[in-house]
Amino acid sequence: MTGGRVVLVTGGAGSVGREIVRGFAATGATVLINCFHSWPAAKDLAAEVVAAGGRAKPLRASVARPAQLEQMFDQVRDEYGRLDVLVNNAATGTFATIDDITDEHLDRAFDINVKGPLWCSRTARRLLAATPGACIVNVSSMGATHAPANYLSVGVSKAALESLTRYLAAEFAADDIRVNTASAGLIENDVGRRFPGFPSLRDNLVDATPMRRLATPEDLAGVVLLLASPEAGWITGQTVLADGGLSLHHRALSPDAAPPAPAPSTAVTLPEEAGVTLPEATSDATPAPTGPDATYDPVVVVGMGLAVPGASDPDGFWSLLNEGAELFVEVPPERWWMDGFHHPDPTAPDKTYQRRSGFITDLRAHPAMAGESIVDDDTTDFTIRWLRHCVHQALDGVTRRPGDRYGVWVGYTPDGSQHLFEALASQEFLAMAGTAADEPGVRDDLRTLLDRVLPHQSPDRPVALPHQVGRAAVAGILPDDARVTMVDTACSSSLYSIDLGIRDLLTGDADIALCGGSFALMPSGSVLFAKLGGLSKTGAVRALDRAADGVLFSDGAGVVTLKRLSRALADGDEIHGILAGSGLSADGKGKAIYAPSSSGQELAVNRALTRSTVRPGDVGMVIAHATGTPAGDEAEFLSLRAAYAGDAPIQVTSNKSLIGHTGWAAGVVSVIHALLALRHGVIPAQYRFTGTPESFGVDTSNLAVPSEPVAWPPLPDRCRTAAVSAFGFGGTNAHLLVSEYRPDVNGAYGYGEPHTDPLVLVGWSGHLPGVDDTEAVADCSVGRAGAPHTFGPVYPHPPFPKLQMPPPAARATDRTQLMLVECMQRLDGQVRQACERRRERTGVVVAHAGPTRNAVLLALRCYLDELDRVGTEARDPEALARLLKQLRQDVTGRIAAPTEDSFPGEMPNVIAARLCNYFDLRGLNITVDGGGASLADAFEVAAHYLRFGDLDLALVAGVNGNTLASWRAVFASEGELAEGAFLFALTRRSVAEAEGLPILAELDQLSVAEVTR
């Protein structure tokens, strides 16, 4: 076909270039192998061709340097006197997001991918014109017509190359030179494997290609040879695409069509450049090793502890998962008197319509707690007791060494502490009573009444603040210098805590990490969630079921102990599983802030898969968040369908039908569920399951909900993997991949590589009572003489055009959330615009201590009827009744009856989520509670996310809107408590420079106190 011809192939030493060279050589052509960076490989390839009886010679020149090309083509003329075929195959590019693309990346891509072929063609024209039937073949990629993620610089330049082909064909036709483009779309080779998210992208593309395979380098070489052959003599100015039918979009246009059986082939992942060399390419993904390797060092679970309704340890939980039990019961009378908070009418103010929930009533405390007063003392916070129990369990059998550094990360909310709220409610009622309670005996009657209605508050000991709960849970178990951080992302909190523990180990900040969550029910939480209509009316959770009618919350706690694999092996610890990777996201702008978002959830799933390099088809089980609310379960299942679409069957389950929703501990409970399934090789059946809703589309999906236990035996060549989802109220999503540990094979995992850029402060704003703007804030101090410490009984809501929130919703929203929206609006416009451009990687970390003002006031409303009922038994019921009437007027005057906006309006985690929702930020959001050290903890958390590349910009805030008398009493020894909010914009120096943002301080060189002064 091409015998005796002289062919020059640029980029001839690359994977595709080699096949082009070999193809032409096999026809008898003399092949000139051009390269610049891969000179040794070019010489080796030429030697290979000659050894096989062919003719080849390497020629070194850069296609981006016209002077070098002149010399090269002069050499071709002098030595061969002709050129029959020019193949423009050399290419380059950078894998990067649109926000990370720089001028340098674009310039280099266009220099090699567009200008290079132009200079080569123009310089070679004289030689080609002297040869009858001469032709040029340019090599393109699928990125020219499609838009793969992270492929902008290559794709856009290849589109320009295809346009260049048409211009050259028109110009060179006068010399009888044909010019065409060959493209084979997506090819698997060493460059392809560097593409971010290689495994998942490969599976998606194979699944979408009608012929069920993607191109090989040989396929593309065949297209080049075809276009260079005499048989293509009447083709010019065209692009010939051989992509196996991917561009037909058959799967997308035939959602119910069953895919054909796959043809034998190696699956491929990505739009691959012919001969492309990517010396600058970067990726968060790490190719999965194929066998045991000394460098294989993921984070592993070496201990676990658990306390849920019906189970006091993981073994008991496993029995529950397999045998089932009816765990939803009426509220135990020792917790609270349910009649005072219940009404069957869902519209009844300050009442819940559901009497049942899940409670820990028979905890078998860890033996190490024997003799501790914490076990039986009703005035000790339940969450401390359960969390301490889990910490002991999670450390059983775990080797610890002198000098070990510990990181403790706990998912927690003050809204999950019945003891804390009863203590604050008691103090607040007494403060409200004031001098009105001075009538003889009335104050004593009030105190007696409060002791009866609020039995878990103790006037003789301080309230247990969230950070004190965490510290008390590990006291005497871990060294006093163990770092304890409480994080709040609502229901995803304990998965966030695990993610942060992983980072502690990767950075060397900790040798051992303990991560989990703890949550206790309290009456006002049930009332507030009932106003959303989200509680089950039938008194049972039916997650993922067509009969689902809502959620029921439960007490719960769980902890896992983490180490690096190398340390765990050296210590001889039992390895329960590998944490292969995690993905975090925020929903951004949506409908109501409490409405579930499939797109936000899918974003977290895809981030976990991409970073870990786990392929969707390798996941055998997903423990879904699946709370039993029809809308929430449907949104989640559809997101899982999209993220895990393929042929591999995946079982989707939820433990909430059995034990209920354990709130801030739910994620870690599901991680323990997954570890137990891996250990026992069985996926338990979905409890209380009758069938999936039609909207799930199970019949056309590879996802299924198991009605019977499913065997899950080890695989011959790879690790079994489970996925765990937890989606926090307000749009804070987390997805964790959990694999078995196999000493005979390395599993896929990846957490991203830490950036070395220094972190910098690029903007700040503030909002204080009586101060109009940030500039004025900078000129004053909170404690200045005569300055107001509070915004008053009613926060001055901005007008609707500015706040864009309906007045009823604004009134039900705690002032902390509104204060931060104001801070963001006051932030420098240049910084806000950078956040908008990088919204996918902009997140919010908020420092906030304790419950919000609204949370306390709403709890007071819920107790009013109970006070009236029990108050009739007082020594002076008439005097007490007058006082209680005054208290009712005071409380109801401060806050309206709860509505659907009240629950999200009072939650501490929604302070951060509100900013993401309002300004459409999709990185992540999290609230940190460290008491007086909350802001320092928030800066530390933000630094983790910035250094690992989860975020490009972090908005770190400190805010307080609670100056109620009960909260002032907590901080009385620290001076006057004030309201206010401050917002700081942090980023990496490279991002600041790329965005042209002012660098106000370098955080690695300043303490938090100096930055915030």
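**Close-up 1. Helix 5 and the elements that cover it.** Helix 5, made up of residues 152-172, has 21 residues and reaches 30 Å from its first C-alpha to its last, close to the 30 Å expected at 1.5 Å a residue; the expected span is 1.5 Å times one less than the number of residues in the helix. Helices (H or I, at least four residues) and strands (E, at least two) are DSSP runs, numbered from the N terminus. This is a predicted model, in which local features need pLDDT of at least 70 and side-chain atom pairs count only at pLDDT 80 or more, while totals for chains, interfaces and linings use all residues. Residues are numbered from 1 along each chain as its sequence is written, and side-chain values use heavy atoms, with hydrogens and water left out. The buried residues of helix 5 include Ser-153, Val-154, Gly-155, Leu-161, Leu-164, Leu-168 and Phe-172, where buried means under 20% relative accessible area, exposed over 50%, and partly exposed in between (1.4 Å probe, protein chains only). What covers the buried residues of helix 5 includes strand 5 (91-92), helix 4 (103-129), strand 6 (135-139), strand 7 (178-183) and strand 8 (239-241), with contact taken as heavy atoms within 4.5 Å.

**Close-up 2. Helix 27 and its buried face.** Helix 27 (residues 877-894) has 18 residues and reaches 25 Å from its first C-alpha to its last, close to the 26 Å expected at 1.5 Å a residue. Its buried residues are Ala-879, Leu-880, Leu-883, Leu-884, Leu-887 and Val-891. Seen down the axis of helix 27, these buried residues fall within an arc of 130 degrees, so they line one face of the helix; the arc is that of the directions from the helix axis to the C-beta atoms. The face turned away from the buried side of helix 27 carries the exposed residues Glu-878, Lys-885, Gln-889 and Gly-893. Among the elements that cover the buried residues of helix 27 are helix 11 (418-433), helix 12 (442-453) and helix 26 (853-871).

**Close-up 3. Strand 23 between its two partners.** Strand 23 (residues 721-728) is mostly covered, with eight of its eight residues buried. Thr-721, Ala-723, Ser-725 and Phe-727 point one way from the strand, whereas Ala-722, Val-724, Ala-726 and Gly-728 point the other way, and all are buried. Strand 18 (residues 619-623) runs parallel to strand 23 and is joined to it by four bridges, two strands being paired if DSSP finds at least two bridges between them. In this pairing, Ile-623 stands opposite Val-724. Strand 24 (residues 732-739) runs antiparallel to strand 23 and is joined to it by eight bridges, with His-735 as the bridge partner of Ser-725. The hairpin of strand 23 and strand 24 has three residues between the strands, and Gly-730 takes a positive phi near 105 degrees there.

Close-up 4. Asn-925 lies in strand 27 (residues 925-929) and, at 0% relative accessibility, counts as buried. A polar contact of 2.3 Å joins its side chain to that of Thr-732; such a contact is a pair of N or O atoms within 3.5 Å, and within protein one must be able to donate a hydrogen and the other to accept it, residues adjacent in sequence counting only if both atoms are side-chain atoms. Not counting residues up to four places away in sequence, Asn-925 touches residues that include Thr-489, Tyr-496, Val-844, Asn-909 and Cys-916. Asn-909 is found in helix 29 (residues 909-919) and is likewise buried, at 1% relative accessibility. A polar atom of the Asn-909 side chain lies 2.9 Å from the backbone oxygen of Phe-729.

**Close-up 5. Cysteines without a disulfide.** The structure holds zero disulfides, a disulfide being a pair of cysteine sulfur atoms within 2.5 Å. The sulfur of Cys-390 is 13 Å from the closest cysteine sulfur, in Cys-515, too far for a bond, and Cys-390 is buried at 0% relative accessibility. For Cys-862, the closest cysteine sulfur is 19 Å away in Cys-491, also too far for a bond, and Cys-862 is buried with a relative accessible area of 2%.
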